[in-house]
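Please read these notes with the structure open beside them. They go from the whole chain down to one pair of residues.

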Amino acid sequence: MKLLLPLIITLLGCNANSEPSDRDHDGPPPPPSTCDGFEEMEPNDMHSMANYVSMLPVLEGEKVCGSWLHPYDGPADKDYYRFYLNPKPGVNEVKLNLVLECEETTVPAVYLSQSVYDPEGYPTGYNHIGTYYGTHGELILLDVTIPYDFLEKNDLFIRLDGIYPTDFVVKEYEFKYWNY
């Protein structure tokens with residue numbers, strides 16, 4: 001009898017009817033991301049916060065997805081990505097290919113730079129490699145030469161910017177890169 005009473009209480013507790021939760025007052029969850037590549041992670045608005053993406057060179061195209069936010073007041077969102085260079089021995093440059101796509105009303109811009117190091121090997125600044133602008137939501141870079149040196153020119157920063165009317169809106173972009 002002592003064992004039967006706890007068993008009956010347990011069974012009655014398991015048979016209780018459950019009511020749907022009323023905690024879903026915020027609406028449905030956001031839709032899943034449609035990016036099938038590397039997704040931007042904020043904050044990445046300066047060199048020191050750049051998202052590390054990959055080693056270069058890579059032969060297969062890889063996709064990176066992100067977004068820009070232009071607030072009513074204040075600076076526009078700029079997104080930095082960092083790559084480490086690792087070409088074959090004896091090679092002193094990497095050829096970069098990049099396609100950046102965004103809304104047609106946006107002028108995409110890409111700024112390329114590399115770290116500058118002091119004699120002890122600490123980064124002291126950044127060397128500008130080039131600035132490129134697209135049109136109608138598209139920018140294509142083919143065979144851009146990125147200098148490489150094992151000690152002094154061993155990384156690449158890609159800053160992406162979108163130029164469009166300053167309103168409080170999020171603009172999404174995708175870029176694909178590959179090289180040899």
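How many helices and how many strands does the protein chain have?

1. This is a predicted model. The protein chain contains 1 helix and 10 strands.

2. Burial and surface come next. The protein chain has 180 residues, and 36% of them count as buried, that is, under 20% relative accessible area. Its accessible surface is about 11,800 Å², and carbon and sulfur atoms make up 58% of that area.

3. Now the contacts along the sequence. Among contacts in the protein chain with a separation of 6 or more, 80% are between residues 24 or more positions apart.

4. Five of the strands can be followed as a sheet. An open sheet of 5 strands runs in the order E2-E4-E9-E6-E7, and its pairing is mixed. Strand E2 (51-56) and strand E7 (123-133) are at the edges. Each of these two has a single partner strand, so one side of each has no neighbour in the sheet. On average, neighbouring strands of this sheet are turned by 25° against each other, direction ignored.

5. One pairing inside the sheet deserves a look. Strands of a sheet pair through backbone hydrogen bonds, and the pairing can be parallel or antiparallel. Strand E6 (residues 107-117) and strand E9 (residues 155-163) run antiparallel and are joined by 7 bridges. Which residue in E9 is the bridge partner of Ser113? The partner is Phe157.

Notes
Residues numbered from 1 in each chain as written. Predicted model: local features only at pLDDT ≥ 70, side-chain atom pairs only at ≥ 80, totals over all residues. Heavy atoms only, no water. Helix = DSSP H or I, 4+ residues; strand = E, 2+ residues; numbered from the N terminus. Buried < 20%, exposed > 50% of the residue type's maximum accessible area, 1.4 Å probe, protein only. Contact = heavy atoms within 4.5 Å. Areas by Shrake-Rupley, 256 points an atom, 1.4 Å probe, with all protein chains shown as cover. Pairing = 2+ DSSP bridges. Axes fitted to C-alpha atoms, helices over the stretch in contact; angles between N-to-C directions.
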